[in-house]
Structure formats: structure tokens, C-alpha cells
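Please open the model in your viewer and keep a selection tool at hand. The tour below moves from one selection to the next and says what is found at each stop.

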Amino acid sequence: MKIVVCVKFAPDSTAPRKFSSDDTVDRVSVDGILSELDENAVEEALKIRESAASDAEVVVLTMGPEQARTAITKTLQMGADAGVHVVDDAIHGSDSIASSRVLAAALERTGFDLAVCGMASTDGGMSVVPAMLAERLGVPQLTMASEVKVDGTAVTIRRDGEVATETVEATMPLVLSVTDAANEPRYPSFKGIMAAKKKPVEELTLGDLGVDAGEVGSAAAWTTVESIEERPARTAGTIVTDDGTGADQLVAFLAERKFV
Amino acid sequence: MAVDRLLPTTEAYDLLDLVREIAAEQLAPRAAVDEASATFPRDVFRLLGEAGLLSLPFDEEDGGGGQPYEVYLQMLEEIATAWVSVGVDVSVHSLASLAMSVHGTDEQRMRWLPSMLGGDQLGAYALSEPQAGSDVAAIATRAVRDGDEYVVTGTKAWVSHGPHADFMLLFARTGDDPRGGLSAFHIPIGAGGLEPGAGSLSFGAPERKMGMTASTTSLVMFDDARIPADHRLGDEGDGMRIALSALDSGRLGIAACATGLAQAALDQAVGYASQRRQFGRPIAEFEGLQFMLADMAAAVETARSQYVYAGRLRDAGRPFSRQASIAKLTASDAAMRVTTDAVQVLGGYGYTRDFPAERYMREAKVTQIFEGTNQIQRLVIARDLLRQSGL
């Protein structure tokens with residue numbers, strides 16, 4: 001079984017967000033990491049590999065600048081077997097549609113039984129790429145799984161929605177996305193760190209994937225960011241002094257803002 | 001604030017990332033709670049073991065990480081910055097494993113080291129006794145040969161995480177000569193070893209300590225405990241030599257932990273001084289306070305330089321006993337001074353249990369006492385100086 005995990009190199013979500021001069025998220029001068037929610041995708045893939053009846057391989061796929069290699073390295077340290085890194089200057093500024101175009105082409109090239117994604121990236125947060133991948137690849141999609149069971153080529157997931165919990169099943173090959181409730185990602189181990197150095201990472205360009213540079217990047221994006229303004233710092237707020245009318249003042253405050 | 005470290009390899013930097021991630025997510029958030037309730041975090045050591053952090057300085061063929069002391073000690077410092085009790089217990093585990101690694105026969109090493117270093121086991125170190133602290137030669141616990149076994153009777157004191165240990169390095173008397181009569185033993189505990197509570201091995205109540213309360217310290221009592229003779233490390237009478245050689249390395253571990261603790265106190269003091277406003281501005285803008293912070297930083301970095309230097313000497317196979325004692329002395333005194341000053345920087349808040357500064361101060365005190373009091377360290381340093389001058 002071949003499991004390919006699509007991961008994103010995202011700015012550390014605990015650090016201040018910066019933007020480049022072209023209004024794209026700065027991915028070069030800030031500390032980037034493996035998008036935290038993708039750790040759940042890697043963990044699920046590793047668990048599936050560990051419980052697989054026959055040989056299974058976990059390949060991690062990412063697209064992004066040179067620095068994105070650190071995201072692949074982290075997954076290799078966690079236990080993934082190999083990496084594929086699509087690096088091409090033309091990719092810069094790609095939207096979800098273009099990203100799915102590149103990732104789908106890479107998935108077709110590597111081949112897969114199971115393509116696993118996280119529930120969202122910690123920067124864009126759109127959650128649409130898994131569905132787009134399934135559409136482009138013509139395979140079923142099992143998205144937002146909070147529990148995954150694999151039996152041969154059949155995959156069953158539990159999908160916890162706001163009004164119902166669904167059980168959905170599909171047969172490989174398919175695209176799977178998992179939520180942060182699906183598992184507890186493991187830490188790398190020191191042995192994993194040492195082993196990661198010897199694992200292969202293939203670098204590919206758009207040309208290798210047969211993707212035309214005109215299909216991706218800022219110019220091809222369906223939307224354009226017109227401007228960015230930083231949110232003003234939080235103001236001090238209102239202090240209500242309870243002189244016997246405290247509750248009334250609180251209700252008035254909330255009512256004024258249409259909270260009650 | 002993350003310490004800028006010089007490490008010898010890229011994998012050491014990857015290791016540093018891993019240690020910092022675990023320290024931030026798994027150690028720091030629990031430290032205050034578990035210290036307050038005196039809860040030994042056994043699960044934390046399983047996690048550290050799984051990550052390979054309990055075996056860093058040991059040979060790869062024995063199941064260790066093959067890391068130089070220079071790297072191991074700096075990782076230990078990072079752990080101690082997040083939670084010094086855990087750092088000290090990791091150091092004790094290393095100390096308990098070291099004698100097997102250095103003095104075990106090939107057969108003993110093959111038999112025990114992989115599981116000792118495998119990550120799920122925790123080792124304790126039983127040297128001191130109620131009447132034998134700095135005076136190691138006063139050890140009274142006896143190991144009497146009886147056929148293929150030794151029969152051990154006596155009481156060990158100040159044993160870190162003894163009741164939670166899976167094995168123990170025990171020093172006991174096999175002969176009457178104060179120094180030449182000591183021997184070292186590997187004691188597996190639990191399945192296949194000595195069973196606690198079976199009468200031959202029992203533990204005292206946890207000592208009611210001033211600090212590092214999450215790390216259980218207790219008496220360990222042996223009463224006609226039967227130890228197979230092939231569990232002895234080295235020859236009969238090698239105990240003192242084994243104990244002292246391990247202590248040099250253990251002192252470096254304590255120096256690293258004390259440095260980490262001092263770093264934590266410094267970080268807290270700098271953070272607080274930048275936030276706390278008096279007379280219309282952050283108190284960090286007052287020069288009197290800046291000088292305090294500068295002295296604290298100087299003490300922390302001096303301590304770090306000293307233990308890293310001593311660790312490098314050890315890695316190079318050079319004598320490092322004097323430098324280890326200087327590192328332990330320097331770092332523990334720095335920890336005491338810096339944590340005391342951190343309380344001062346935080347003022348009244350520093351004196352409350354709502355901030356960790358007072359806990360750091362309580363924790364720092366023992367670093368001047370254990371693994372050889374700082375007075376003993378001065379003796380070691382002076383004797384080494386005088387030996388070199390031919391006295």
C-alpha cells in the first residue's frame with residue numbers, strides 16, 4: 001500500500017504573521033514549520049502503515065520554497081519513509097485551485113492508494129484542497145475524519161458534524177482528510193532524527209509534473225488580495241463599576257452590541 | 001528566551017528542536033502543579049524514553065544515542081529550564097546507567113544495557129546512607145557472599161526516585177577496609193529482580209523536602225536481599241573507584257540542571273521587569289534593576305561556559321575531574337544567587353506561590369548540597385591543584 005501525505009509548510013501559528021510586499025503570506029523570512037494540523041495526517045498515515053497486513057509505505061508530499069524542506073524533514077523524523085518536494089519559483093502566490101493542480105499532478109506521478117491530508121492549513125485555513133484533489137484525480141473523498149478504519153482496500157471514517165455523525169466508507173484509491181481529534185501526533189525520536197538523514201527526498205519542478213507555469217502562481221489565482229491592513233491593537237475595554245447597577249450596566253453593554 | 005547554542009552537528013540542532021518542543025508542551029505546563037502536589041511524573045520519563053532522551057550519552061552499540069557530553073548536557077539544561085526535577089532525575093538515571101556502560105563486562109552490558117537504555121526503564125543511584133554522606137567510606141550496608149549470591153542488608157538514603165526505579169546502582173561493603181571494601185551492584189527491581197514489598201526491599205516515606213518535591217527522595221532498605229553474584233560490577237573492592245568516576249560525570253549533569261534553573265529564573269525576571277510598571281515606566285528601565293539583570297545573565301552564562309568546557313574535556317578523553325567540580329560549584333552557586341535575585345526583581349509577587357520565582361529559589365538550594373556539597377567540590381579542586389604542584 002502506498003500512502004501519500006500532503007503537508008504544508010506554514011508560518012508558525014504562535015508567531016506574529018507577516019506579509020510580503022506583494023500581499024502574500026511571508027514564508028521566507030519567518031519561522032516556518034510543518035502546519036500543526038498536518039501532524040495529524042502524518043500520524044494517521046503512520047498508524048495505518050503500522051497496522052497494515054502487507055508492506056506499506058508513507059511518502060510525504062509538499063510544495064513550497066526551499067525552506068519547506070524542514071516540514072518534510074519533520075515528517076521523516078516522525079517515521080515517514082520518503083519525501084517529495086515540489087519547488088518552483090512559479091508556484092509563489094498560488095491559490096487553492098492551483099495548489100490542488102500541482103499536488104494532483106504530483107500524486108499522479110508518485111501513485112497512491114491513499115492520499116492523506118490534514119483538516120486545514122494553519123495559515124490559509126480553507127479546508128478545500130482535499131476535495132479538489134479528489135475531484136481532479138477522479139477518486140472518492142473521505143474528509144474531516146475523526147476516526148479512520150482500514151480493512152484491506154476499504155476505508156471507513158467517522159465524520160462528526162454539527163447535527164449528525166456520519167459513517168462513510170469508500171474503496172482505495174481515495175483522498176482522506178483527518179481532523180485533530182483523529183489522533184495524538186507522536187513526537188519524533190532521536191533515532192528518528194538520525195534515520196531521517198538517510199531517507200530519500202525527491203525534488204520536482206513544475207516541468208517534471210507537466211504543469212504549465214501559467215496555470216499557477218499569483219497571476220493565475222482566481223482571487224487577488226487587494227490590500228492588507230494589520231488589525232489595530234486591542235483597546236483597553238470598558239470597566240463596569242458595580243454600584244448596585246452592575247448587572248444592568250452589563251446587560252446594557254451587551255444589548256448595545258446586539259449580543260442579547 | 002531560547003538560548004543561542006553552539007552545537008557540533010546538524011543532528012544536535014534537530015535534537016535541540018525536539019527537546020524544546022517536548023519541554024514546552026509536556027514539561028513546563030505541568031511543573032508547578034506536580035511540584036505543588038509532590039507528584040512524580042513517571043509518564044514524563046516514558047515519553048522522554050520513547051523520544052530517546054534517556055540514553056543520549058551512551059554508545060550506540062549499547063542502545064544509546066552516541067551523543068557527546070557537550071550535547072547531552074545542553075539538552076539536560078533545556079529540560080531543567082522547563083522543569084528542574086525532571087532534569088535532575090534524567091541526570092540520576094544517566095549516572096545509574098553509566099557504571100554498567102563503563103565497568104560492566106561484555107556479557108553484563110549485552111544482558112542489561114539495551115533494556116536499561118531502551119527508554120521504558122528508569123534507574124536510581126544508591127550511594128549515600130544516613131550516616132554516610134560526604135564521607136563515602138562510612139558506608140555500612142553489607143553485601144555478604146553466600147555461594148552464587150550476595151546477601152545485602154542496610155539502609156540507603158537520599159535515593160532519587162527510588163520507589164519508581166526499575167533498576168538501581170547499589171554500593172555496599174564487601175570488606176572492612178573503609179575505601180577498598182566497597183563494591184558496586186546492578187539491582188534489577190520488579191519482575192525478574194528484587195520485588196519491592198517482599199520484605200527484602202522496601203522504601204521509606206518520601207522525604208519532606210524544601211523543593212524538587214515532584215522528584216521523590218526516600219530511604220531504601222535492604223533486608224537479607226539476595227543478589228546473584230554476577231550482578232556485581234567490577235571486582236570486589238572496586239566500588240569506591242566506580243562511585244567516584246561516575247560522580248565526576250554526575251556533577252556535570254547537576255551543573256547543567258542548575259544552569260537551566262538559573263536560566264528559567266533569569267527569563268522570568270527579564271519578562272516581569274519588562275511588563276511591571278512603576279513610576280510611569282517599566283521597572284526594567286531603571287538602571288539599578290538593569291545591573292541586577294546583567295549580573296544574573298553573567299552568572300548564567302559563566303555557569304554554562306564552565307560545564308560545556310568540562311563536558312568537552314570529557315568528550316576528548318582528557319581529565320576533567322577538577323573542571324567538573326568547578327562547573328558544579330559555579331553553576332549551583334549561580335543558581336542560588338540568580339533565583340534569589342529573581343525573587344527580588346518580582347518584589348512582593350516573587351515571594352508568593354503564584355509565581356515560580358520562589359519555587360526556583362527553593363529548588364536551587366539543593367544543587368549546592370547534592371552530588372557532593374560545594375564544600376566537597378572545593379576539596380576536590382584544591383587537592384587536584386596541590387597534586388599537580390607535587391604536594
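Begin with domain 2 and domain 3 of chain B, between which one residue pair is in polar contact, both residues being at pLDDT 80 or more (a pair of N or O atoms within 3.5 Å; within protein, one must be able to donate a hydrogen and the other to accept it, and residues adjacent in sequence count only if both atoms are side-chain atoms). This is a predicted model, in which local features need pLDDT of at least 70 and side-chain atom pairs count only at pLDDT 80 or more, while totals for chains, interfaces and linings use all residues. Residues are numbered from 1 along each chain as its sequence is written, chains are lettered from A and ligands numbered from 1 in the order in which they are written, and side-chain values use heavy atoms, with hydrogens and water left out.

To select these parts of chain B, take 123–236 for domain 2 and 240–388 for domain 3; domain 1 covers 10–117 (the bounds come from an automatic or database domain assignment). Domain 2 of chain B brings 13 residues to the contact and domain 3 of chain B brings 14 (contact means heavy atoms within 4.5 Å). The two domains of chain B bury about 1100 Å² between them, 76% of it from carbon and sulfur atoms (the accessible area, with a 1.4 Å probe, that two parts lose on being put together, summed over both). Now highlight Arg179(B), Met210(B) and Met212(B), which supply 44% of the area that domain 2 of chain B buries against domain 3 of chain B, more than any other three residues.

Staying in chain B, move to Glu358(B) in helix 9, residues 357–367 (helices are DSSP runs of H or I, at least four residues, numbered from the N terminus). Glu358(B) is buried, at 11% relative accessible area (buried means under 20%, with a 1.4 Å probe and protein chains only). Its side chain makes a polar contact with the side chain of Arg362(B) at 2.8 Å.

Finally, display chain A together with chain B: eleven residues of chain A are in contact with 17 residues of chain B. Then pick Lys74(A) and Glu21(B), whose side chains meet in a salt bridge at 3.3 Å, N to O (a side-chain nitrogen of Lys or Arg within 4 Å of a carboxyl oxygen of Asp or Glu). Helix 5 of chain A gives the most to the side of chain A that touches chain B, with four residues.

Technical notes: Helices (H or I, at least four residues) and strands (E, at least two) are DSSP runs, numbered from the N terminus. Buried means under 20% relative accessible area, exposed over 50%, partly exposed in between (1.4 Å probe, protein chains only).
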